[in-house]
Amino acid sequence: MDTLVHEKAAQAVGILDELGIDLWLTFVRETSAGGDPVLPLIYGPADLTWQSVLIYTLADDRICILGQFDADTARRTGVFTSVIPYDESIRPPLLETLARLDPRQIAINYSESDVVADGLSHGMYRVLTAYLEGTPWADRLMPAETIIGALRGRKTPAEIARIRAAVETTARIYEATFDYLKPGMTEIEVAAFMHDGMTQHGVTAAWDSASCPAVNAGPDSPVGHGAPTDIKLERGQLLHFDFGVRQDDYCSDIQRMVYLPADGETEPPEPVRRGFATVLRAVHAAVATMRPGVPAIEVDAAARRVVTDAGYPEYKYATGHHLGRSAHDGGGVLGPAWERYGDTPFRALEPGHVYTVEPGLMVPGYGYVGLEEDVLVTTDGAVYLGAPQTELILR
């Protein structure tokens, strides 16, 4: 069994103590059809079939109530102090367990702002509240988003090592790609080479492989979450990449910039140099702001200010996001106070948080400039998890 599950289980109990929450309850069913995002951290990779309850308490009770055919798997995780199997209904063992523990609060997995803390479906919420109807615990439910945000956000040393390894693999695939590419290739051809690189390294894409990598050649390539196109790489244009891998269950997410010099050019033209320098300063401004206790919105503002003060339009996305088991790992967002981000930009950075930092801008006539670095928050600042790009790559 992956020792990370044991690390995160112990961490969860500490978080309950820190927050003063009696009991955290995760309620799932048929997880192969859509499991709660927190399950890999507190249960592991196995699926749960019938209605199942995972309970963590302030007193370090770790209780799993589940169908009898999953009980042996739960025991073999070594995580739980008690595994309670059932046959016909989970209601009796659930209510008996709650009666014994009598929690003042029951944190359940829903959130209005954090997608990875919102694993309890509406249907399962209705089932749970029906089970609790008429009991003292029906009015003691609360969201578990602060628990899950802390558990997912505070990376253990083992988690950080895995992310760092993914970053290193990503850098190797990028280097091979830079040596391979040449004008006249299509975005699709370049992406196919990078897919081959993932296969060679035994890793998979950090997000949907159709759009990982994103390859944007010149000013006409649509920037965002779309797939590479048949647009060809041309001299005198920028080439932008957004790419990450999933290695040993953890992700990287890195953007890189290439310029293809036109005939007779010995350096990129001034608009390209200025655009790249602006984005680089914005990355440095964000990282310099990152330290424990700083609200995420302040990091975003530091980077965004560099771009707009230089006369470029404001980029319409957050400066960064958590990184971990997913490329977008939930929790706080290094973003502005826009309605779509809810309260996530106001959450404070903590040691062990891993964020992307990814400001960008368009250079008219040449293409998009976007850099993205993966950054670890430490006790006194922040460090890059891989060598950052500081100069335009010329090919």
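This is a predicted model: local features need pLDDT of at least 70, side-chain atom pairs count only at pLDDT 80 or more; totals for chains, interfaces and linings use all residues.

Rolling a probe the size of a water molecule over the atoms shows where empty space is left.

How much space lies in the largest pocket? The volume is about 930 Å³. The lining of this pocket comprises 40 residues, and H225, Y317, H321, H328 and E358 are the closest to its centre. Four strands each supply at least two residues of that lining: β8, residues 214-217; β9, residues 237-243; β13, residues 320-321; and β16, residues 360-363. The largest share, 3 residues, comes from β16. Sorted by class, the lining of the largest pocket holds 15 nonpolar, 16 polar and 9 charged residues.

I turn to the second largest pocket, with a volume of about 250 Å³. Its lining consists of 18 residues; nearest its centre lie A171, R256, G386, A387 and P388. At least two lining residues each come from α7, residues 157-180, from β12, residues 254-260, and from β18, residues 373-378. Which of these elements gives the most to the lining? The answer is α7, with 7 residues. Here the classes divide into 10 nonpolar, 3 polar and 5 charged.

Is E373 buried or exposed? Its relative accessible area is 3%, and the cut-off for buried is under 20%, so E373 counts as buried. The side chain of E373 makes a polar contact of 3.0 Å with the side chain of R256. R256 is one of the residues that lie nearest the centre of the second largest pocket. Neighbours within four places in sequence aside, the contacts of E373 are R256, V283, Y355, T356, V357, Y384, A387, P388 and Q389. Of these, A387 and P388 also belong to the group nearest the centre of the second largest pocket. As a distance for orientation, the C-alpha atoms of E373 and G293 are 21 Å apart, with a separation of 80 residues in sequence.

How many cavities of 30 Å³ or more are counted? The count is 1. The largest cavity has a volume of about 50 Å³. Its lining is made up of E187, A214, V215, N216, P222, V223, G224, H225, G226, A227 and P228. Strand β8 provides the largest share of the cavity lining, 3 residues. By class, that lining has 6 nonpolar, 4 polar and 1 charged residues.

N216 belongs to strand β8. Its relative accessibility is 5%, under the 20% limit, and N216 is therefore classed as buried. A polar atom of the N216 side chain lies 3.0 Å from the backbone oxygen of P222. Beyond neighbours within four places in sequence, N216 is in contact with E187, S221, P222, V223, L238, L239 and H240. Among these, E187, P222 and V223 also line the largest cavity.

I close with the backbone. As a general rule, most residues other than glycine have a negative phi, and most peptide bonds are trans.

Where is a cis peptide bond found? The bond from C212 to P213 is cis, with omega near 15°. P213 is placed in the loop between β7, residues 204-205, and β8.

Two aspartates have a positive phi. For D60, phi is about 70°. D60 sits in the loop between β2, residues 52-57, and β3, residues 62-67. With 32% relative accessibility, D60 counts as partly exposed. For D248, phi is about 55°. This residue is found in the loop between β10, residues 245-247, and β11, residues 250-251.

Thank you for your attention.

Note on methods. Residues are numbered from 1 along each chain as its sequence is written. Side-chain values use heavy atoms; hydrogens and water are left out. On a 1 Å grid over the protein atoms alone, a cavity is a set of points where a 1.4 Å probe fits but cannot get out, and a pocket is an open set with protein on both sides within 12 Å along at least five of seven lines; lining residues have an atom within 4 Å of a point. Grid points are joined across faces, edges and corners, and a volume is the space filled by probe spheres set on the points. Ala, Val, Leu, Ile, Met, Phe, Trp, Tyr, Cys and Pro count as nonpolar, Asp, Glu, Lys and Arg as charged, and the others, Gly among them, as polar. Buried means under 20% relative accessible area, exposed over 50%, partly exposed in between (1.4 Å probe, protein chains only). Contact means heavy atoms within 4.5 Å. A polar contact is a pair of N or O atoms within 3.5 Å; within protein, one must be able to donate a hydrogen and the other to accept it, and residues adjacent in sequence count only if both atoms are side-chain atoms.
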